Amino acid sequence: MKVKVCVGSNCTFLGSMSILDQIDDLREIISENSDDYSDEDLEVEAIKCLGFCKDTDEKVAPIVVIDDEPMYNATGQTVMEKIINKIRK
Ligand code: FES
């Protein structure tokens, strides 16, 4: 699974660094409980602004893209839920 977290200025301002930290914590939890999760790799990448926040007047940041599917207004909780739902056995 590929998780890309935008660290452009809008997304950083609205908390993307904390989402990155939480994904790191989640990776540890997954590796400690590997029986409960598929062994799919969790690739995490910090990316620059892809322009999502500039294409609209609505608030969309922070943006996290999971397997090419963008999540708008991402929070640590919504991102964790999405990742866990995808890799839980
Ligand atoms: S700063 Fe994240 S989408 Fe623009």
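These legends describe an overview and several close-up views of one predicted protein model.

In this predicted model, local features need pLDDT of at least 70 and side-chain atom pairs count only at pLDDT 80 or more, while totals for chains, interfaces and linings use all residues. Residues are numbered from 1 along each chain as its sequence is written, and side-chain values use heavy atoms, with hydrogens and water left out.

View 1. Along the sequence, the pattern reads β-α-α-β-β-β-α. The radius of gyration is 13 Å, close to the 12 Å from the globule rule for 89 residues, so the chain is as compact as a globular protein of that length. Helices (H or I, at least four residues) and strands (E, at least two) are DSSP runs, numbered from the N terminus. The radius is taken over C-alpha atoms, and the globule rule is 2.2 Å times the number of residues to the power 0.38. Along the principal axes, the C-alpha atoms fill a box of roughly 45 × 20 × 20 Å.

View 2. Buried residues make up 35% of the 89 residues. Buried means under 20% relative accessible area, exposed means over 50%, and partly exposed lies in between (1.4 Å probe, protein chains only). The chain exposes about 5,600 Å², and carbon and sulfur atoms supply 45% of that area. Areas come from the Shrake-Rupley method with a 1.4 Å probe; for residues, only the protein chains shown count as cover. The chain carries 10 positive and 19 negative charges, and their mean positions are 4 Å apart. Lys and Arg count as positive, Asp and Glu as negative; His and the chain ends are not counted. Each charge is placed at NZ of Lys, CZ of Arg, CG of Asp or CD of Glu.

**View 3. S16 is buried in helix α2.** The helix spans residues 16-32 and includes S16. At 0% relative accessibility, S16 counts as buried. Beyond its neighbours within four places in sequence, S16 is in contact with V5, C6, V7, C11 and P62. Contact means heavy atoms within 4.5 Å. Across the chain, 66% of the contacts with a separation of 6 or more join residues 24 or more positions apart.

**View 4. C11 and C53 are both buried cysteines.** C11 has 2% relative accessibility. C53 has 17%. The structure holds 0 disulfides, a disulfide being a pair of cysteine sulfur atoms within 2.5 Å.

**View 5. A cis peptide bond leads from A61 to P62.** Its omega is near -5°. P62 lies in the loop between β2 (43-47) and β3 (64-66). P62 is also one of the residues in contact with S16.

View 6. D67 is not a glycine, yet its phi is about 45°. D67 sits in the loop between β3 and β4 (69-71). Its relative accessible area is 33%, so D67 is partly exposed. N73, also a residue other than glycine, has phi near 50°. N73 lies in the loop between β4 and α3 (76-87). With a relative accessible area of 35%, N73 is partly exposed.

View 7. E43 lies in β2. At 45% relative accessibility, E43 counts as partly exposed. E43 touches M1, K2 and V3, leaving aside residues up to four places away in sequence. E43 and V3 are 40 residues apart in sequence, but their C-alpha atoms are 6.0 Å apart in space.
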